[in-house]
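The following report describes a structural model, moving from its overall build to its domains and then to local detail.

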Amino acid sequence: MIKINENYQKLQASYLFSNIAKRVNAFQQANPDKSLIKLGIGDVTRALPDACVKAFHLAVDEMAQDTTFRGYGPEQGYDFLREAIAKNDFQARGARVEADEVFVSDGAKCDSGNFQEIFSTDIIVAIPDPVYPVYVDTNVMAGRSGAWNAEQGRYEGLVYLDGNRDNGFIPDLPDRPVDLIYLCFPNNPAGSTATREQLKQWVDYARANKSLILFDAAYEAFVQDETLPRSIYEVEGAREVAIEFRSFSKTAGFTGTRCAYTVVPKECMAYTEAGEPVSVHALWNRRHTTKFNSVSYPVQRAAEAVYSAEGQAQVKELVGYYLNNAKYIREKMEALGYDCIGGVNSPYIWIDSKCDSWEFFDRLLNEAAVVCTPGAGFGKCGEGYIRISAFNSFDKVVEAMERIGCIL
Ligand SMILES: Cc1ncc(COP(=O)(O)O)c(C=O)c1O
């Protein structure tokens, strides 16, 4: 008899996006002539930078000739991309990352979901709340949680790191020892950013407790404040205790093109039952080369073009465009009397809805025909907030804020 992984039975159905879709469909059926403005999901709307498109085309042409054709590439990514990443994203900012510590992949979703596989199932995992739901669900699937506690609205056995108004959605250190720590800055959904000093506390904690930090920096490109770190490796000691996930999705519009990478410094260690250190780099290399067969050559060439002078200017413009939307949304919501976090150094604006998050969602949908995301979908601490995303055209953002202004 084929048996299932029972841990999947513990998973709570992700009602968030299906519930949103259901409500949006019902609204559209009842109001066929009202145009909806979607500021809900975190998907980009603008085209790939021209430099990437050109490099993409050229690489496809290479694939069309026997003499320049490429088959399987190195599983970890081509050297040209790994070197460009190490040099431009880290060394140029004074952070030591070597090209062979960069593992190119087809998404930070897969990497942040898969990385836990190389660790024991009996470790204690600490996860922020609210946060990108992948970290919780993949640990539940792996059997690192107990059952769902409906009363608490949380899984047993996981350590939740609460974000709230008091800590500005930068969670405090856990009150007990934990082994694996997920951090996400700029935060999805709260848009909060951590300072060097705040990250240093986490790094020091991890060093003291022999724990490991999985740092998701998918939104680092939106950090404009030069005093804020864009990488955890800008913090002293991080190379011993932190892995970093990055993505070209939000930086350069690659959500449909798919390219990301994970940095695994050679100093990072995890431990055997007997307490012997084992290189995390070696473990991840083994896992990655066994289960992954590299990102397509044209996509890696397109990603490399992000680092050309032309690419850098275009990416800057793209990120600046969304940040301008974010600033506009935040200013308008604040003028309407709502407390906001994010929208600065982040494409997400996290708004205290002063009521139940689904109630506020319904109001914006039914009265303004604007779609946002209810904060409760990102964890218990998201209740009472909504997330508005800056990923849309400026015209649509202006119209959405006009409509919202008329109903609030
Ligand atoms: C925090 C965070 N990490 C990772 C991802 C996924 O990135 P990718 O498109 O590279 O899979 C997202 C996407 O929304 C995200 O919000």
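## Basis and domains

Domain bounds are those of an automatic or database domain assignment. For this chain the assignment gives domain 1 (7-47 + 310-407) and domain 2 (52-308), whose centres, taken over C-alpha atoms, are separated by 25 Å.

The model is predicted, and local features need pLDDT of at least 70, side-chain atom pairs count only at pLDDT 80 or more, and totals for chains, interfaces and linings use all residues. Residues are numbered from 1 along each chain as its sequence is written.

## Overall build

The chain contains 13 helices and 17 strands, where helices (H or I, at least four residues) and strands (E, at least two) are DSSP runs numbered from the N terminus. The C-alpha trace spans about 60 × 55 × 55 Å along its principal axes. A compact globule of 408 residues would have a radius of gyration near 22 Å, and the 21 Å of the chain agrees with this; the radius is taken over C-alpha atoms, and the globule rule is 2.2 Å times the number of residues to the power 0.38.

Of the 408 residues, 46% count as buried, that is, 20 or more other C-beta atoms lie within 10 Å of the residue's own, with C-beta atoms placed from the backbone.

Contact here means that the C-beta atoms of two residues, placed from the backbone, lie within 7 Å. By this criterion, 35 residues of domain 1 are in contact with 44 residues of domain 2. On the side of domain 1 that touches domain 2, helix 1 (7-10), helix 11 (309-335), strand 13 (340-342) and strand 14 (348-352) each supply at least two residues, and helix 11 gives the most, with seven residues.

## Strand 2 and its partner

Strand 2 (residues 102-105) is covered on both faces, with Val-102 and Val-104 buried on one side and Phe-103 and Ser-105 buried on the other. Strand 2 pairs with strand 10 (residues 260-263) in the antiparallel sense over four bridges, pairing being assigned if DSSP finds at least two bridges between two strands. Within strand 10, Tyr-261 is the bridge partner of Val-104.

## Surroundings of the ligand

The ligand is surrounded by 14 residues, of which the closest are Gly-107, Ala-108, Lys-109, Ser-247 and Ser-249; a residue is near a molecule if its C-beta atom, placed from the backbone, lies within 6 Å of it. Helix 5 (residues 108-114) provides the largest share of this shell, three residues.

Technical notes: Buried ≥ 20, exposed ≤ 12 C-beta atoms within 10 Å, placed from the backbone.
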